[in-house]
Number of protein chains: 4
Amino acid sequence: MTKPQHPALAAFVTALAGRNMTRAAYVAVALGMSATVLLTMDPAYEAGRRWIIALLWGCLVFFVVEWAVRVQQAARAYRAAAYLMSGRGLLDTLSVLAVPVALASGMEVRTAWLLAVIWVLKVIPGVPGLRQLRRVLVVEARPLLSVLVLFLLVLLLGSVAEYALEHDEQPATFGTIPSALWWAVATLTTTGYGDVVPITPLGRVVAATVMISGLGVFGLWTGILPTAFAAETRRDNFLKTWESVSRVPFFASLGPSTIADVAQMLRTIDLPPRATVIRKGEPGGCMYFIASGEVEVDLPGKKVRLGEGAFFGEMALLGNNLRSADISTTGLSKLLVLDLVDFRVLMARHPDLAQSIDAEAKRRTMENRT
Amino acid sequence: MTKPQHPALAAFVTALAGRNMTRAAYVAVALGMSATVLLTMDPAYEAGRRWIIALLWGCLVFFVVEWAVRVQQAARAYRAAAYLMSGRGLLDTLSVLAVPVALASGMEVRTAWLLAVIWVLKVIPGVPGLRQLRRVLVVEARPLLSVLVLFLLVLLLGSVAEYALEHDEQPATFGTIPSALWWAVATLTTTGYGDVVPITPLGRVVAATVMISGLGVFGLWTGILPTAFAAETRRDNFLKTWESVSRVPFFASLGPSTIADVAQMLRTIDLPPRATVIRKGEPGGCMYFIASGEVEVDLPGKKVRLGEGAFFGEMALLGNNLRSADISTTGLSKLLVLDLVDFRVLMARHPDLAQSIDAEAKRRTMENRT
Amino acid sequence: MTKPQHPALAAFVTALAGRNMTRAAYVAVALGMSATVLLTMDPAYEAGRRWIIALLWGCLVFFVVEWAVRVQQAARAYRAAAYLMSGRGLLDTLSVLAVPVALASGMEVRTAWLLAVIWVLKVIPGVPGLRQLRRVLVVEARPLLSVLVLFLLVLLLGSVAEYALEHDEQPATFGTIPSALWWAVATLTTTGYGDVVPITPLGRVVAATVMISGLGVFGLWTGILPTAFAAETRRDNFLKTWESVSRVPFFASLGPSTIADVAQMLRTIDLPPRATVIRKGEPGGCMYFIASGEVEVDLPGKKVRLGEGAFFGEMALLGNNLRSADISTTGLSKLLVLDLVDFRVLMARHPDLAQSIDAEAKRRTMENRT
Amino acid sequence: MTKPQHPALAAFVTALAGRNMTRAAYVAVALGMSATVLLTMDPAYEAGRRWIIALLWGCLVFFVVEWAVRVQQAARAYRAAAYLMSGRGLLDTLSVLAVPVALASGMEVRTAWLLAVIWVLKVIPGVPGLRQLRRVLVVEARPLLSVLVLFLLVLLLGSVAEYALEHDEQPATFGTIPSALWWAVATLTTTGYGDVVPITPLGRVVAATVMISGLGVFGLWTGILPTAFAAETRRDNFLKTWESVSRVPFFASLGPSTIADVAQMLRTIDLPPRATVIRKGEPGGCMYFIASGEVEVDLPGKKVRLGEGAFFGEMALLGNNLRSADISTTGLSKLLVLDLVDFRVLMARHPDLAQSIDAEAKRRTMENRT
């Protein structure tokens, strides 16, 4: 766990460990997975054995470098051990070691490289919504576990009952409880391969009960989640808007209680440069506040730019419902969206806000006419 | 991109491009699809080859005319290029070109006409709720994508595991990873064809895990959507009621804050002429405000008409819960519905509203008696 | 359409048409269905041909009488035509006519009696929650229809694609588009019989897309419903509690706005005689108000009865959380349930209510001690 | 039903009946289930017949002792009869009697021991979330039953229709209505074994209708549950937080109405000793109140302990969003979690609360600096 010795190396490490490396890792994962798939297809393997193996070694080398860079980077913050012990660190280490160890222990080449499939787990930290999913599962762990227990109870009782009813008739398929469990899991999940099917009348009654229980249990599972998702969505949204709201001068005049309300009404959207936000002539259902970035209003004969803290799109909400100009971003921008419903509620509760928006809208209409 | 030269042509174009053309297009799509289906059924094709091909050419000609009309129409608004580049324009062009190009390039007649199936996509813009679905998918894109990633991870890991476990036993079905992926997708979606089934004990344990993961992942997918649908429904409803509320004088006396509240409580319904809104003697759970159109109250001995801005149905909510007269529309009408729950809440919050409704109800009862 | 001539007949008709006839109809439906099933099972039919046919004729005669009684009854209210034209009247008529007409037209006996299966539709009006389901479907008709359209589009596009890709390889199963549609519907609903399965690589890719679309479309379908169900449940609950709340003197002191709030917090439960409402020693999570009926409190050494308008169960909410006595109903009772959460919220908002409940609880504790 | 005679026995009974016995029972259930499974696998049975049977007898003896202990314990509270009549008592008695009675009545040994599968039901009372599931099912019983009725109607109508359409073509599989019902239940639940498949065109159209109805009915089922789950989750959460809130002095200054609000915003979490609550440098999205137990704050150079009633984690919410110290529990602790959204709303509504939290945060910052 030594501090990097050379500044040049440190700079290289920093550059590698940034956004570019993450992208390169995705490419390496995709290439590695494709190569693994080709490895199992005999014609492809015969034809391009060398290239496939070379590609896999290339990916492996990349992951070794990535691992080394991450360890170095962590070591700079005196946290190499913490990284190596973290879930991500363990995965990185495993990705690097699995195939070489398998090859070294004498495993057949094509079988050993199958272990490269664990590289695919490296995409997990980059999936934005997975943290939200995990929180939902944690918050609802108790009822979800109960559903799982119900599922397992039905599984066990169903398979023992079918074993008792069918094993004399069909010793090949219902001859043991594990065989019956295989039938039960395919039935309870409504997969229904049809390789194992009860044929006695009573066995079919039990099977029908298992199928209907399968739907019931699954219905419970899906019924539990929406509430938690609603709470998480509200929470995520608030965390994103809260920071931005304070940057919009328009809301500064509001008391803290109203700001908390407003933050729950708003939604943030991130837009790339030159994205069209509003198209002239379309019906308008929301207005926008600029949290960061800049937009360009395409008025007849001139272009007006609006920067951080400005708002636009309010005229369609106040007037005839149609957008009066094209508006697009000039650079990477974060906008706060206020839907018509919430706009009306907000204006109704705060007549002073309503007046200042009205005044601005009138000023703009005047300006455009002249 | 020329402006249409002749006023007569312009009028014809306008007429064609309206509601009638949309209906004709639906008929053409339905006929075209039926003909395409018949094309593949040998007995039908033998019997009516000429008619089927003629019908398909007829539909194609219709779509060519439709395309020309739309381009003309767009050109009049100097927007022909925008139309041709829009999703709809591309689809229209593709619908027109696909079959002729296929025929011209020497494809077999019956195969070429199969491309007519893309005509069916022309019904999409006419489906009223699709915009709402799309908004829901956009708002929840992030968690939905996470679920998709989870799905793909389970798919890949499951199929590699099954390949490793089963390819020696069943080289025909689990011989390559793509074959195993075919099994995995049929299993994870709980389709379960049963053409490829693991037979080793460990392979079945992996398969059971994949099936249960399938249910879990799908439960997450369905759990994400309700919140967004709730928000969209509220939004859609508000957009529809807000305009109408302002047209009802009864609500004019309310402050803007209350109007915003009321607009969220109301629901709009559009009724054709001579539709029965209220049936005498039925229990009443809501009252109605007329946003546009007219209704006729069938009182004993006389018929009373109520026009835009009037309300009715309040007597059952105030009194004995049973409707006291038949009421039906005289023409196309838009009504605002206020449910009993919200009626009570509204009356409780606004005693003056309660009084004026009460007074009107009493007046009506008196009138009916005399 | 004549008025019944004899008072005795009228009384008989009234008695028949009441609750008893409904129950008898359920029994007749159950018997008729069982007989229909037995009819198709050769051993049972051989053994008890006479009895089965006799039973079916018996049920038919019952339905004829039921039909006559209902017509008579409707005729007394001068509404016979309305009844015959209503959904229920048409079903009743069809139930009576279907089998005789089939027999008369020379159909084979066992086939003709299969038509008796439509009798099962007679149970529909008696299912309490179906009206709620129907309202949900009506309110959400638009997005549900969009989902159905999406479903049909995927169905059509998927089956044409599979036809094109597979009909050369598998002319027996993918030889026509209708055959491919059969595959598509079994796949898109994730039923997956496995009788028709694509075998070309590209066909399998299309099939995988169809399966995943199936899950996606179904997820949309289930995502639409919860919001509407929530609204319907709230509405139904309010309709039930609103009437009852006004009968409880305890709530009379509250203003109308609070009553509307309270009515949304309460839930009604209907209990048969001698049902135990509260069990001594159990943790208490709600209190009860008696909307109608009577309960008996089993105090040590004496039994106290509480009648309409009284409340009980508040002591566990205020004190140590455990029920202090057994309480059961003496007759058919309707109770209003107030959960602990809402109890706290209500008490916090209305200190005067809190005081009077507190005083009553203290009085009761004193009484029990002495 | 005698009172236990010896104090030593009573003490033994008490000890046995506690938490340890519950754990031992889980182990016995697991062992018994494993033995039952092995019993049906010929190689395992041949090899270890004695051990398997001995293990099963061992589990049975344990359950007999457990049963005796529970009866004794209930007898001490003069409630032995109540216990024996309760669901749990009946299950315990059945678990004890089933196998011996089966063996005594001359059933084959391996078949008789299959009855041991009912032991698995003993885990049910220990599953924490099942009460919540049951309450949801009770509250929504009416619409759920309607869905079940719809399901059964489709089942019956579908199978009679298929019988009529297919029994001439496929007498072996659609020869009787019960056979057709077997097809219908596998189709309506989307299981789709594929052992019975309609082959006539009309039969397939009916089958497609049944499949789509299956999705529709199941969608209704899952649509009903989320609302009730949301209400139950809110209720459960309130019951847990309400008690704890009163123990936090910080909330004592709030009026009862606000406390009821706050209790709905909080979530409780139970943590084992030495669990890390907050990790330095992570983004902070909530603050914590200690309802019971103690935490240790790992400040630079010293460790500070916070006990019951204290709060922490507020600094990240007020300041730069990053946690400034590691915090972990010292013993078993119950914490109340307040999410950032609710924190902002609460602070906005109660400026005095905001001030006192602010003051505490400043005091802590000062302290850390010095």
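A: Two residues are in contact if their C-beta atoms, placed from the backbone, lie within 7 Å. This is a predicted model, in which local features need pLDDT of at least 70 and side-chain atom pairs count only at pLDDT 80 or more, while totals for chains, interfaces and linings use all residues. Residues are numbered from 1 along each chain as its sequence is written, and chains are lettered from A and ligands numbered from 1 in the order in which they are written.

Q: How many residues does the contact take from chain C and from chain D?

A: Chain C contributes 41 residues and chain D contributes 41 residues. Helices (H or I, at least four residues) and strands (E, at least two) are DSSP runs, numbered from the N terminus, and on the side of chain C that touches chain D, helix 11 of chain C gives the most, with eight residues.

Q: At what angle do helix 10 and helix 11 of chain B pack?

A: Axes are lines fitted to C-alpha atoms, for helices over the stretch in contact, and angles run from 0 to 180 degrees between N-to-C directions. Helix 10 (residues 177–188) and helix 11 (residues 201–245) of chain B pack at about 45°, with their axes 8 Å apart. That makes helix 10 of chain B oblique to helix 11 of chain B, where angles under 35 degrees count as roughly parallel, over 145 as roughly antiparallel, 65 to 115 as roughly perpendicular and the rest as oblique. The contact is made by B:Ala184, B:Thr187 and B:Leu188 of helix 10 together with B:Ala207, B:Val210, B:Met211, B:Ser213 and B:Gly214 of helix 11 of chain B.

Q: Which residues make the contact of helix 3 with helix 5 of chain A?

A: Helix 3 (residues 42–76) and helix 5 (residues 87–104) of chain A pack at an angle of about 145°, with their axes 9 Å apart. Among the residues in contact are A:Phe63 and A:Trp67 of helix 3 and A:Val96 and A:Val99 of helix 5 of chain A.
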